[in-house]
Amino acid sequence: MSPTLPAAPPPDIEQRINALLAKMTLDEKLGQMSQATGLAVPLSEQNKEEIRKGRWGSFLNAGGAAERSEAQRIALKESRLGIPLIFGRDVIHGYRTVLPIPLGQAASWDPELVQAGARVAGREAAAAGLHWTFAPMLDITRDPRWGRIAETLGEDPLVTSRLGAAMVRGFQGDKLDAPDSIAACAKHYVGYGAAEGGRDYNTTWIPEIQLREVFLRSFDAARKAGVATFMSAFNNLNGVPTSGNEFTLRQVLRKEWKFDGFVVSDWNSITEMIPHGYAADEKDAAFKGVRAGVDMEMVSTSYHDNLKALLAAGKLDQKLIDDAVRNILRVKFRLGLFDKGVPVAAELPAAPEEAALGVAKRLATESLVLLKNQNATLPLAKSIGKIAVIGPLANSPVDQMGSWVMDGQAPEVRTPLAALRERFGEFRVAWAAGLKTSRDSSHDGFAEAVEAARGADAVLVFLGEEMILSGEAHSRAYLNLPGAQEALVDELAKTGKPVIVVILAGRPLTFQNVAVRASAVLYAWHPGTMGGPAIADVLFGDAVPSGKLTVTFPRTVGQVPIYYAHLNTGRPPSESELGIPAGTPVDPKGFTSKYLDVDFTPEYPFGFGLSYTSFEYTNLAISTPQLRTGTRIEISADVANTGTRDADEIVQLYMHAPAGSVARPVRELKDFRRVHLKAGEKQRVAFLVGAGDIAAYNATLQLVAEPGKYQVWIAPDSVRGAGGEFTVVP
Ligand code: NOJ
């Protein structure tokens with residue numbers, strides 16, 4: 001027997017890439033740059049032959065675990081160079097265990113919990129033989145008409161940066177090549193959420209200062225968190241589609257940020273540069289995509305079909321191809337795909353793990369935002385007699401899962417109706433949908449619903465939007481509750497019973513008339529597998545709501561875009577101009593920046609959310625009145641729980657610079673923290689702020705903390721709080 005030799009250290013990844021690249025044919029390189037969607041179940045002979053030849057470097061949303069395992073075996077064992085495939089999939093808010101939609105998760109303001117959620121999703125996806133998720137979505141949007149707002153973390157760059165980075169850490173784990181880690185993808189790079197009119201795929205115009213201040217920050221945060229890949233977007237940005245945009249991809253991503261993973265296009269976004277009016281034909285589109293630095297083409301085949309000819313004609317530098325392939329191979333090496341061997345195709349376990357369901361329930365609970373609670377209607381007493389459960393979203397597993405679900409199992413979803421029946425028994429829970437779906441405009445089911453309400457001590461109405469009313473290509477021009485939902489609430493309110501409205505939706509909706517009639521309103525988003533028990537816990541006081549909005553809720557669609565971090569105008573309206581009722585124009589008074597037919601302020605501001613207790617913010621103090629570059633100040637305030645329930649509060653730090661080389665938003669979120677306060681407890685909450693935290697882009701696009709006065713608030717939301725000021729000195 002020969003003595004056991006210590007294992008040779010693996011050659012450095014860059015050496016392995018170079019060695020491989022030197023052996024690759026041009027066809028094999030173009031194969032690596034190509035991603036397809038078609039894996040037949042079971043694998044077709046064509047699939048097998050193409051994989052053997054190295055025609056594809058990646059598949060997305062394709063095959064089952066068995067096909068992926070067999071395809072990988074062929075790539076590793078039967079292709080000339082044994083280069084593994086990378087399997088990507090849209091694991092957006094959970095895999096089998098469905099978490100709340102990202103906009104709901106964001107309302108938790110809880111990076112640790114959001115990270116735990118992504119960990120659950122990543123582990124479940126990795127077990128099914130997936131290597132890569134197309135998440136997190138880091139787009140900022142200020143337009144609830146845009147259907148993809150459901151997939152965002154809201155309107156604020158700081159919240160999106162923190163929670164997006166948490167998702168990256170959750171998916172990728174401590175080591176990218178661990179068996180339960182998957183690569184994340186920062187998408188959609190960049191500006192996609194600024195679609196004009198909120199219409200999906202529409203043009204975006206974003207000045208560079210705003211691009212850097214608002215839209216690029218969350219992507220930079222993901223990059224700093226080590227995100228393995230980026231996805232270029234669909235939108236045209238300032239005249240140049242983002243999938244052909246040398247400024248965002250080469251200048252910012254590669255030169256300024258030194259990103260060394262790979263960039264995948266969005267679905268057909270390379271060839272869509274033709275209808276955008278930017279590329280003449282597929283050859284031109286392929287050229288412009290590679291020139292900008294999109295390494296892998298998703299679905300369309302313009303790279304494969306044209307790059308050879310472009311090279312032969314001397315129009316394209318071979319180095320651009322080699323760089324793209326290097327970036328792709330680097331991620332495959334980092335994931336350990338060359339060294340892990342053929343994966344065993346795992347069967348779906350009989351049931352989701354309890355631990356995964358626990359995380360999903362906590363996330364759903366923390367995502368719930370209490371918007372109204374007149375006379376402390378909620379929580380309801382558990383001793384209550386009969387409960388009427390009404391509405392099209394009370395028992396709709398598919399809608400409850402939300403818009404981006406490919407692998408969630410509807411039978412595993414626990415709906416509010418099921419959770420309430422489990423808790424109180426069938427006898428105490430009277431159920432009548434009232435409407436078949438959220439869009440149902442028939443009143444046929446009203447009589448049954450009203451009868452159920454009459455016989456109950458509390459009426460729980462589950463309204464909102466079906467999942468197909470939000471998500472990709474599902475924008476709306478109206479933000480109202482669709483169908484006859486308002487009319488249903490009108491009828492229920494006439495019974496005189498307390499009406500508690502729970503709204504499940506993929507976006508901020510406008511529902512003033514319903515809120516007026518309801519005693520309480522709880523916003524539940526699309527809360528996922530464990531939404532039902534989470535909602536039941538909050539309605540009956542086993543959990544105290546703590547969620548806060550990360551997106552502004554307008555009073556009416558006509559106010560859109562409306563967001564908290566806006567610039568002032570030269571003519572801001574005064575307090576006395578508040579309260580203009582919606583719908584009918586008042587007599588014009590004064591020349592200020594407002595509407596004649598609705599109050600200019602939001603219905604519910606960014607950062608807002610009620611609790612079952614009350615909080616008071618007082619005694620703001622600043623450690624020194626002057627902040628010098630290189631030093632830090634402490635900003636603190638007393639936050640007191642003045643009610644009778646122990647509860648979490650999300651404490652927010654905002655700032656505003658009243659003058660500078662460019663005007664700054666009326667408030668900007670600079671930090672936040674979730675604190676737990678016992679009933680009657682007061683805590684001093686302190687934030688440390690350095691010049692870097694308040695730096696902003698000046699008129700010449702340098703990131704600096706401009707000298708001058710700064711206002712600061714420690715606050716429960718973006719409109720209130722304990723305020724003070726300090727000065728930045730050079
Ligand atoms: C298009 C979507 O924009 C993107 O988010 C998604 O990851 C890809 N399709 C793949 O399905």
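Strand β25 (residues 708–715) and strand β26 (residues 722–729) run antiparallel and are joined by 7 bridges, where strands are DSSP E runs of at least two residues, numbered from the N terminus, and two strands pair if DSSP finds at least two bridges between them. The model is predicted, with local features needing pLDDT of at least 70 and side-chain atom pairs counting only at pLDDT 80 or more, while totals for chains, interfaces and linings use all residues. Residues are numbered from 1 along each chain as its sequence is written, and side-chain values use heavy atoms, leaving out hydrogens and water.

**Sheet**
- Gln711 has Glu725 in β26 as its bridge partner.
- An open sheet of 5 strands, with mixed pairing, has the order β18-β26-β25-β20-β21.
- Its edge strands, each pairing on one side only, are β18 (626–628) and β21 (668–677).

**Aromatic pairs**
- The structure holds 26 aromatic pairs, counted when ring centres of Phe, Tyr or Trp (its six-membered ring) lie within 6.5 Å, with planes under 30 degrees apart called stacked, over 60 edge-to-face and the rest tilted.
- Phe333 and Phe338 are stacked, at 3.9 Å centre to centre and 15 degrees between the planes, and both are buried (under 20% relative accessible area, with exposed over 50% and partly exposed in between, for a 1.4 Å probe and protein chains only).
- Trp525 and Phe553 pair edge-to-face, at 6.1 Å centre to centre and 80 degrees between the planes, and both are buried.
- Ring pairs link Phe511, Tyr523, Trp525, Phe553, Tyr604 and Phe608 into a cluster.

Key: Helices (H or I, at least four residues) and strands (E, at least two) are DSSP runs, numbered from the N terminus.
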